[in-house]
Amino acid sequence: MRTLTLISCALLPLALAAQTVQSPDGNLILNFSLSGQGEPTYELSYKGKPVVKPSRLGLELAKDKHASKQMDETSLMQGFVVANTTTSTFDETWQPVWGETKDIRNHYNELAVDLHQPKEQRNMVLRFRVYDDGMGFRYEFPQQKELNYFIIKEERSQFAMAGDHTAWWLPGDYDTQEQETQETKLSGIRSRFNQAVNWSNSSVSVFSPTGVQTSLQMKTDDGLYINLHEAACVDYATMHLDLNDTTMMFESHLTPDATGMKGYMQTPCQSPWRTIIVSDDARDMLASNLILNLNEPCKIEDTSWIHPTKYVGVWWEMIVGKRNWHYTNDFPSVKLDTEYWKTATPHGNHGATTANVKKYIDFAAANGIDQVLVEGWNVGWEDWANMWKRDVFDFVTPYPDFDLDELNRYAQARGVKLMMHHETSSSTQNYERHLDAAFNLMNRYGYDAVKTGYVGDIIPRGDHHYSQSTNNHYQYVIEQAAKHRIMVNAHEATRPTGLCRTWPNMVGNESARGTEYEAFGGSRPDHTLILPFTRLQGGPMDYTPGILETQLNTWSENPNTIHTTLVGQLALYLTMYSPLQMAADLPENYAKYADAFQFIKDVPCDWQDSRYLEAEPARYITVARKDKKSDDWYVGGKCNEDGHKSVLKLDFLDKGRSYEATFYVDAPDASYDKNPKAYKIFKRKVKAGDTLRLTQAPGGGFAVSLKAK
Ligand code: NOJ
Ligand code: CA
């Protein structure tokens, strides 16, 4: 189904420049106008309530000393007239390579406003798309004589909120979003800010006491949910938002490069989409596909090699501190010298040994797990975080106790693949230098997925993790990987903006506080009830759930405990959607809880349908998903430290069919902090229309598999 209608109104007089566009269901209304000074202005309402009050749009440009005709500091902010406006409608249903549903409808009404600055003789287009679940707008810069190329000093997109909303926010930072989310009123951001920043992070790059990251989730006092983020961030810096906490007006704040500049543009070009998702039902926020829809269709012609993947890994034992990534306690000066490694003295506690990896391969093969991630397999970990970071890693030289050839042969003979690990230590140039050889090595041995990592400061440019140049690096890696038929899961890279629609080999990103922090001190029980509203709006997260041994001191010296119940860990496989799901615990811990591990073995990571049954940010999320390859359904519920009682009508099941349901539930006396491993498993027959009543413990959840009979 696809319709496209165009209405063009050429050379409108200024008074007629005001335009209105509605969402297809009429609930959202966007108004565009020019102020008396020719400033582009928009406002947005939902069911008659203001979402964004009148707000200005534009960009400030920097002085360009290289321009043939000297360009002084100037702006694309005022002095505009409307040269033309075009409205159109688009309605198409597309099929993602992997996803929460097998079909996605992309239905919007569009307004394109051609703006002209008569004095400077410059043109800019503002394009608005209004959907039932929100809107997006972007700036487009056609190729033109007086705007051939330019430098962005700052983007000045405003988002004026209509009140002092509750917000779930991360402090603005150009390099990390691995903090815990804060929940305050907008007026409370300033006083909570210092507490929210992880000042001990070496690359902390905070820029304002009221600056926040996107995706930013808010709730108004009268029950509207509003989310601000971006879509299709390509060749552009990642956006933050600066709040004026007197007027409740947000303004865009782009990540600078090392010189303080924000973007280097050559026309024709465009900004990412700025997105506003809106609903009066929190479940709609989670079901929204607005950000994917605003991205370009898939650019990979043959996607047959891209597949959802479940994996285990030589990983958690290093994160917890029981084993090491590095091989020797010496700090060799010539790390890539193979002669050195023949005689190097091992410290004896290396994780990525041939024997240990074989143990994981055997475990994966016995339990139907697709891949085994191995970290610390390649030389260089002795001083990988070294501030000088010369040629630390080459991504092709294994440690002497990791038999690359034998392990790949051993894995493949058992129907399992090894998953590659490339920690770049943020030396992006070094990684690009070695990339082709590294991907060729993967092709040679049959690896089809790589986990990359960007720990530390970006060198040698000194730009930030979210600067335009670094975003271009991540994109370059994705595109090169696609040429080599390799799937990518990037850690510490910029926050996703739906680019996985265009490049579905980008199967995962971390870009938030993952399970690793449970070993570093913990994350609050509500953390995973916020991420689906915020971080996951832009794409899936490699959260690495499945830690069933919630007390780390039972097998290591790490004193920390996991901030969910054991069953809560199972629920995350449903509530934190990802086509890439790790079973992050150790094989011996899964052996201890083999009956609960059965759910991790069974749960798919690709879906034909998903229904959010209950949702409230930071409180609870319950979702039902239908397997892409069968008629089986899976239901997962997760709650915060208050516990939750779910009453669920099974009206999504096929009528007239019976299902064998297996329930994994918290025991009545379970709680994440006092009794995390108390659970019950039972089976029951259910059918469409039945009602389930399930009690979730504090920090707990439930997981149910429903096998169609
Ligand atoms: C941080 C990543 O998030 C983690 O998963 C990885 O093990 C370490 N860096 C080392 O690369
Ligand atoms: Ca990380």
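Gly263 sits in strand 21 of this predicted model. With a relative accessibility of 2%, Gly263 counts as buried, because the cut-off for buried is under 20%. Leaving aside residues up to four places away in sequence, Gly263 touches Phe150, Ile151, Ile152 and Gln468. Tyr577 lies elsewhere: 314 residues from Gly263 in sequence, and 33 Å away in space from C-alpha to C-alpha.

Pro268 belongs to the loop between strand 21 and strand 22 (269-270). A cis bond also joins Ile459 and Pro460, where omega is about 5 degrees. Pro460 is placed in the loop between strand 27 (449-453) and helix 9. Most peptide bonds are trans.

Helix 9 comes next. This helix covers residues 468-483, 16 residues in all. Its length can be checked against expectation. At 1.5 Å a residue the helix should span 22 Å, and its end C-alpha atoms are 23 Å apart, so the two agree.

Which residues of helix 9 are buried? They are Gln468, Thr470, Asn471, His473, Tyr474, Gln475, Val477, Ile478, Gln480, Ala481 and Ala482. Gln468 is also one of the contacts of Gly263. The cover over the buried residues of helix 9 includes strand 21 (263-266) and helix 8 (428-445). It also includes strand 28 (487-491) and strand 29 (506-509). After helix 9 comes Arg485, with a positive phi near 55 degrees.

Positive phi values turn up in loops as well. Lys47 is not a glycine, yet its phi is positive, about 45 degrees. Lys47 lies in the loop between strand 4 (40-46) and strand 5 (49-56). Its relative accessible area is 46%, so Lys47 is partly exposed. Ala232 has a positive phi near 60 degrees, again in a residue other than glycine. Ala232 is found in the loop between strand 18 (225-231) and strand 19 (239-244). Here the relative accessible area is 18%, so Ala232 is buried. Most residues other than glycine have a negative phi.

Now the metal site. Ideal angles for six octahedral donors are 90 or 180 degrees.

Aromatic rings are the next stop. A search of the whole structure finds 32 aromatic pairs. Tyr327 and Tyr399 form a stacked one, 5.4 Å centre to centre with 20 degrees between the planes. This pair links distant parts of the chain, 72 residues apart. Tyr327 is in the loop between helix 4 (316-319) and helix 5 (338-343). Tyr399 is in the loop between strand 25 (371-374) and helix 7 (404-413). Tyr327 has 7% relative accessibility and so counts as buried. Tyr399 has a relative accessible area of 1% and is buried too.

Phe363 and Phe597 make a tilted pair, because their ring centres are 5.4 Å apart and their planes stand at 35 degrees. This pair also links distant parts of the chain, with Phe363 in helix 6 (residues 354-367) and Phe597 in helix 14 (residues 594-602), 234 residues apart. Phe363 is buried, with a relative accessible area of 13%. Phe597 is buried as well, at 4%.

One aromatic cluster is formed by Phe32, Tyr42, Phe128, Phe137, Tyr139 and Phe159.

Two arginines sit over rings. Arg414 lies over the face of Tyr410, 3.5 Å from the ring centre. The charged end of Arg495 sits over the ring of Tyr466, 5.0 Å from its centre.

Note on methods. Residues numbered from 1 in each chain as written. Chains lettered and ligands numbered in written order. Predicted model: local features only at pLDDT ≥ 70, side-chain atom pairs only at ≥ 80, totals over all residues. Heavy atoms only, no water. Helix = DSSP H or I, 4+ residues; strand = E, 2+ residues; numbered from the N terminus. Expected span 1.5 Å × (residues − 1). Buried < 20%, exposed > 50% of the residue type's maximum accessible area, 1.4 Å probe, protein only. Contact = heavy atoms within 4.5 Å. Phe/Tyr/Trp six-rings, centres within 6.5 Å; stacked < 30°, edge-to-face > 60°. Lys NZ or Arg CZ within 6 Å of the ring centre and 35° of its normal.
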